[in-house]
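Please keep the 3D view open as you read.

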Amino acid sequence: MKLTKNLLIKEAEYFCARANSIDHPELLGINDGKTIGTYIEHEFKKHLLNKYDFKLGSSSMGVDFPDEDINTDLKVTSLNKPQNSCPFLDIRQKIYGLGYNLLLFLYEKNEKEGKCYLFFDSCTFIDADETGDYKLTSNLRKMLQNKWSKEKIVYYLEQCKLPGDKTTLNNLAEEIIENPPKQGYLTVSNAFQWRIKYTYTNKNTNLPVVDVKKEFGDFQTPLYFARQVFEYILERHVLHPDLIIEPTCGIGNFIQASHSYYPNTPVIGIDVNESYLKEVRMNLPDVMLYNVNVFDFDFNKLLSNDYDEYLLVGNPPWVTNTRLSKYDSNNIPQKENIKNLNFFDATTGSSNFDISENILLHLIKTFKNTTATFIFLCKFQIACNIFEYLIKDNIQLSEMEIIRFDSLEIFNADTSSCILFIQFNENNKLLDFCNVYNFDGSIHSRMGIVNGQFYSNLDNVVDIDGECCFEWRQGIKHDCTKIMELSCDGDKYKNKKEDVVLLEDDLLYPLLKSSDIKIPMVTSSDRRTIITQHKLKEDTSYIKEKYPSTWQYLERNEDYFLKRKSNIYHNAPKYSIFGIGEYTFKKYKVAISGFYKEGLFSLVYNEKPMMLDDTCYYLSFDNYETAYITMLVLNTWIVKSYLKSIVILDSKRPYTKKVLKRIDIKKAIKLITLNTLIETEKNLKLKKYINQEKWDNYTKLINKINTQK
Ligand SMILES: C[S@@+](CC[C@H](N)C(=O)[O-])C[C@H]1O[C@@H](n2cnc3c(N)ncnc32)[C@H](O)[C@@H]1O
């Protein structure tokens, strides 16, 4: 078959994902980037030559894949030690690109127990006309937007010390005006050029970045680890499966590991990627393989065959549906809404769940009435969600364990991860807790449900669980950071595209992001955000008349708004934002970042109400004293200990509205004394403010709110 550009990209994706999970003995002890790069290039070309016809480049032919319709050079570079070669031969290349496409592999090498692993962080394909210099093309494009004259452009080119006499630069400037260059993604810096380019490409959603692992959540489990997982489980549990199923089997390392323990048990492997299945077929010809989406596989057919004991094992994809929608991927289950998420969940982010969670829930629903054991690798947060789901849906099971492991070491992925072990059999019962173990078998913690509520750690529970008397809100959501968020540059504002922006002040509000609320009091910000509405669904056409500069700015950048994918923007007024209401404009807010483990509550205020972005949650107040004391209350050790027992600190966003709503301030103030508050004030390094009178007023107010409720 003839190799094409698209096939080259697909094969690169497959090659990198596969290489992530196999041993490369040839590279053991080798740290020289050039040798590793040559090895990878050689292996990739060997892989292609086995399947396709194409011309191979030589140093005299310039690029690695010189066929006219491919015209691509391959670059391999280490994530830690980027290559330092300069690809530009002349000034035109800097502006109009190299004249050939680039395929860039970015890897990291790790050695462990005498084996060598390569982790491909990404593989990026850059079209020829986007291989110009990043800064130069971006500046020239801005100049053209601002209608610079030829003379000014020539002057700029001279200032950049670009080689060429006056006539050459004159001709070039004319050409630039007539034929504006595309945005390039390489940089002039010789030292870090590939790394910097890589950063830019990742930021730019229009570039065809083939992100090896992300779309299919493709972390293939190394064989040695699949074996360790079996060892761990079988040391503690006796299993007699008469059918083994790996629902997203990839290259089949779990299948292979299971084969050592159950050589005569039939095995079924399912995966969307046919290339992986080919590989399984080569190593394990007896495995029954199905090249389908796991959601389309008819598991009920298997159940009708009356197997006595099923073993389901594997490592479902680690990717969220939101990320998938960013890739325009269709690897999203279409048929079922397992958790029955509604429109509101979609707006609050609750619907952002991992595909692996969906796959696991689908399997649980299918196998819960059989004798079945589940052994799956997943994010720790997913295992907690599954536990909650099992209990809330009254699903009976015989055993559930969570065993934590170091995914940085195994997958080079910095996510808290675990083995989820679940058994269904004749001893099924309703569970109310689950032990969490370390990979050495020692106990880590116990999670459970008390009075219908989830506790990530049942030890040291301080009981202030209930309902907060103030309403927690999530910050502003607009999905248009590039246009809506501005940074102050002297007396000017710049957007994320680095454009200087002149807007009327009225719709500009100080903005705080998670990284800004790391101290207990925040009263200023260098960022601004445009607030286009004062209440949900407000018609935004008023901006045109009242704030013409803002309207023109929004109109100029309309495309960015039109590209917003979330359903909430469909049929909403132009330039709509969410997380907006009367509460948004209150002067005092007590805010927390959803992301930071520390769980600090900050009092934020300014003459103009401070806005928070959608990574933050907050309560809002008209009155300083109430806001201040609420901040102190929330920062006491009592509230903090309670939070520690209910949040999953390892998850990406430990603090959510769901968690914060459970802090019952009325219960908390019964346990909190004035001394506790004075101590908290001291710990936060705040000036003394709280006293008996203020505390009495506060407790009276809180009790009143609750009585009125
Ligand atoms: C994390 S990898 C794990 C592969 C293998 N289970 C292992 O442990 O090495 C996830 C696998 O799921 C496959 N996959 C992703 N989405 C799928 C879907 N909807 N149906 C079937 N397989 C899928 C990918 O091709 C990939 O091989």
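Tyr262 counts as partly exposed, because 17 C-beta neighbours fall inside 10 Å, and a residue needs 20 or more to be buried. This is a predicted model, and in it Tyr262 sits in the loop between H9 and strand E6 (267-270). Leaving aside residues up to four places away in sequence, Tyr262 touches Pro241 and Ile244. Ile244 is 18 residues from Tyr262 along the chain, and the C-alpha atoms of the two are separated by 9.0 Å.

Two packed helices are described by the angle between their axes and the distance between the axes. For helix H8 (residues 223-236) and helix H9 (residues 253-261), the axes come within 8 Å and cross at roughly 45°. That angle makes H8 oblique to H9, and the crossing is right-handed. On the H8 side, the meeting residues are Leu223, Ala226, Arg227, Phe230 and Leu234, while H9 brings Asn253, Phe254, Gln256, Ala257, Ser258 and Tyr261. Sorted by class, this contact holds 7 nonpolar, 3 polar and 1 charged residues.

The axes of helix H5 (residues 150-159) and helix H6 (residues 166-178) come within 9 Å and cross at roughly 120°. H5 and H6 are therefore oblique to each other, and they too cross in a right-handed sense. H5 contributes Lys150, Ile153, Val154, Leu157 and Glu158 to the contact, and H6 contributes Leu169, Asn170, Leu172, Ala173, Glu174, Ile176 and Ile177. The class count here is 8 nonpolar, 1 polar and 3 charged.

Now move along to Trp318, which lies in the loop between strand E8 (310-314) and helix H12 (321-326). Is Trp318 buried or exposed? With 24 other C-beta atoms within 10 Å, Trp318 is buried. Trp318 and Ile355 are 37 residues apart in sequence, yet their C-alpha atoms are 6.9 Å apart in space.

The crossing of H14 and H15 is right-handed. Their contact is built from Ser356, Glu357, Leu360 and Leu361 of H14, together with Ile382, Asn385, Ile386 and Tyr389 of H15. By class, those residues are 5 nonpolar, 2 polar and 1 charged.

Asp479 has a positive phi of about 55° although it is not a glycine. You will find Asp479 in the loop between strand E15 (473-474) and helix H17 (481-484). Asp479 is partly exposed, because 16 other C-beta atoms lie within 10 Å. Tyr575 is not a glycine either, and its phi is positive at about 60°. The loop that holds Tyr575 runs between helix H20 (558-562) and strand E22 (588-593). Tyr575 counts as buried, because its C-beta neighbours inside 10 Å number 23.

How many residues of helix H21 (residues 624-634) are buried? The helix is mostly covered, with 8 of its 11 residues buried. These are Ala627, Tyr628, Ile629, Thr630, Met631, Leu632, Val633 and Leu634.

Next, centre the view on the ligand. Which residues come nearest to the ligand? Of the 24 residues around the ligand, Thr221, Thr248, Gly250, Val294 and Asn315 come nearest. The shell around the ligand divides into 10 nonpolar, 11 polar and 3 charged residues.

Finally, zoom out to the whole protein chain. Its secondary structure comes to 26 helices and 25 strands. Of the 709 residues in the protein chain, 39% are buried. Among contacts with a separation of 6 or more, 72% join residues 24 or more positions apart.

How values were computed:
Residues are numbered from 1 along each chain as its sequence is written. This is a predicted model: local features need pLDDT of at least 70, side-chain atom pairs count only at pLDDT 80 or more; totals for chains, interfaces and linings use all residues. A residue is near a molecule or strand if its C-beta atom, placed from the backbone, lies within 6 Å of it. Ala, Val, Leu, Ile, Met, Phe, Trp, Tyr, Cys and Pro count as nonpolar, Asp, Glu, Lys and Arg as charged, and the others, Gly among them, as polar. Axes are lines fitted to C-alpha atoms, for helices over the stretch in contact, and angles run from 0 to 180 degrees between N-to-C directions. Helices (H or I, at least four residues) and strands (E, at least two) are DSSP runs, numbered from the N terminus. Angles under 35 degrees count as roughly parallel, over 145 as roughly antiparallel, 65 to 115 as roughly perpendicular and the rest as oblique. A crossing is left-handed if the near helix is turned anticlockwise from the far one by less than a right angle, and right-handed if clockwise. Two residues are in contact if their C-beta atoms, placed from the backbone, lie within 7 Å. A residue is buried if 20 or more other C-beta atoms lie within 10 Å of its own, exposed if 12 or fewer, and partly exposed in between; C-beta atoms are placed from the backbone.
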